[in-house]
Amino acid sequence: MPSMIESSDTPAVVTLQDVYLSFGATEVLRGVSLTVAKGHVACIIGPSGAGKSTLLRCINGLVGIDRGSIRVGDFDVQSLQTEAQKIALRKCVSMVFQQYNLFPHKTALQNVMMAPVHVLREDRAEVRTRALALLDRVGLAGKLDSYPGELSGGQQQRVAIARSLAMRPDVMLFDEITAALDPESVKEVLDVVRQLAHDGMTCILVTHEMRFAQEVADVVYFTDGGRVVESGAPAALFGHPVNERTIAFLSRVL
């Protein structure tokens with residue numbers, strides 16, 4: 001089954017073509033190609049060690065590739081050299097990690113404001129207004145002055161989402177953002193992502209939340225061994241998988 005899904009009427013905002021990456025003798029990505037249309041949600045699923053998280057880091061320019069091409073909006077990611085170029089990319093594509101990576105000595109509001117003020121050099125008053133609205137958007141209007149240590153895991157992750165949104169990205173990357181959370185917190189965080197998707201944010205999620213992927217994704221990519229093994233709309237991939245490896249994986253997780 002082809003590993004790229006083109007949309008005839010919606011322009012692509014993220015395109016990977018034949019991407020390879022090795023760490024030493026270990027091949028991590030082995031010819032990955034995928035396309036995500038503007039305003040769509042792509043979910044990347046697969047077993048641990050399939051290269052899913054590394055793939056997101058390549059899209060965000062955190063990890064360089066050996067060969068192939070990655071295009072995000074107007075950026076040819078593999079060609080970016082300077083820190084200024086990479087900062088410009090990360091204004092376009094923002095990433096939320098499994099670990100919240102909040103500054104423990106900063107309040108929720110301060111965490112959300114830091115990058116726009118100190119990296120993008122935006123006006124502090126304008127950024128504060130935006131940060132207040134974002135924290136309200138993720139359901140944390142009452143936690144502005146709370147420090148990370150005073151927040152639950154789910155609340156910290158929602159602060160991390162607000163922090164990423166503060167950069168006003170065109171694309172959001174989510175790397176197993178519910179993996180460390182309890183079931184109640186998982187729902188709170190996924191509700192935020194669900195609303196972002198509903199509002200038209202282009203999202204790429206690495207996730208083990210299969211039911212969520214079935215609900216929100218426009219396209220699902222099943223990866224294994226550094227390759228896209230099968231891809232398609234959720235109804236097709238989950239309901240009628242073709243590849244034997246996909247069938248075996250889904251039989252264990254659904």
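Helices here (H or I, at least four residues) and strands (E, at least two) are DSSP runs, numbered from the N terminus. Welcome to a quick tour of a predicted model, in which local features need pLDDT of at least 70, side-chain atom pairs count only at pLDDT 80 or more, and totals for chains, interfaces and linings use all residues. Residues are numbered from 1 along each chain as its sequence is written, and side-chain values use heavy atoms, with hydrogens and water left out.

- Helix H3 (residues 108-119) and helix H5 (residues 153-165) have axes that come within 8 Å and cross at roughly 30°; axes are lines fitted to C-alpha atoms, for helices over the stretch in contact, and angles run from 0 to 180 degrees between N-to-C directions.
- H3 and H5 are therefore roughly parallel to each other (angles under 35 degrees count as roughly parallel, over 145 as roughly antiparallel, 65 to 115 as roughly perpendicular and the rest as oblique).
- Their contact (heavy atoms within 4.5 Å) is made by Ala 108, Asn 111 and Val 112 of H3 with Val 159, Ala 162 and Arg 163 of H5.
- H3 also packs with helix H4 (residues 124-137), at an angle of about 135° and with the axes 9 Å apart, which makes H3 oblique to H4.
- Among the residues that meet there are Leu 109, Met 113 and Pro 116 in H3 and Val 127, Ala 131 and Leu 132 in H4.
- The axes of H4 and H5 come within 9 Å and cross at roughly 140°, so H4 and H5 are oblique to each other.
- On the H4 side Leu 134, Leu 135 and Arg 137 meet Val 159, Ala 162 and Leu 165 of H5.
- The crossing of H3 and H5 is right-handed, the crossing of H3 and H4 is right-handed, and H4 passes H5 in a right-handed crossing; right-handed means that the near helix is turned clockwise from the far one by less than a right angle, and left-handed anticlockwise.

**Two residues at these contacts**

- Ala 162 sits in helix H5 and counts as buried at 0% relative accessibility (buried means under 20% relative accessible area, exposed over 50%, partly exposed in between, with a 1.4 Å probe and protein chains only).
- Leaving out residues up to four places away in sequence, Ala 162 touches Val 112, Leu 134, Leu 135 and Val 138.
- The C-alpha atoms of Ala 162 and Ser 231 are separated by 30 Å, and the two residues are 69 apart along the chain.
- Asn 111 belongs to helix H3 and, at 1% relative accessibility, counts as buried.
- With residues up to four places away in sequence not counted, Asn 111 touches Leu 102, Phe 103, Lys 106, Pro 148, Val 159 and Arg 163.

- Thr 246, Phe 249 and Leu 250 are buried in helix H9 (residues 244-253).
- Seen down the axis of H9, these buried residues fall within an arc of 95°, so they line one face of the helix; the arc is that of the directions from the helix axis to the C-beta atoms.
- The face turned away from that buried side carries the exposed residues Glu 244, Ser 251 and Arg 252.
- Cover for the buried residues of H9 includes strand E3 (41-45), helix H7 (210-216) and helix H8 (234-239).
- Thr 246 has 0% relative accessibility and touches Phe 222, Val 229, Glu 230, Leu 237 and Pro 241, not counting residues up to four places away in sequence.
- At the start of H9, a side-chain oxygen of Asn 243 reaches to within 2.7 Å of the backbone nitrogen of Arg 245.

Definitions and conventions: Polar contact = N/O pair within 3.5 Å; in protein donor to acceptor, adjacent residues only side chain to side chain.
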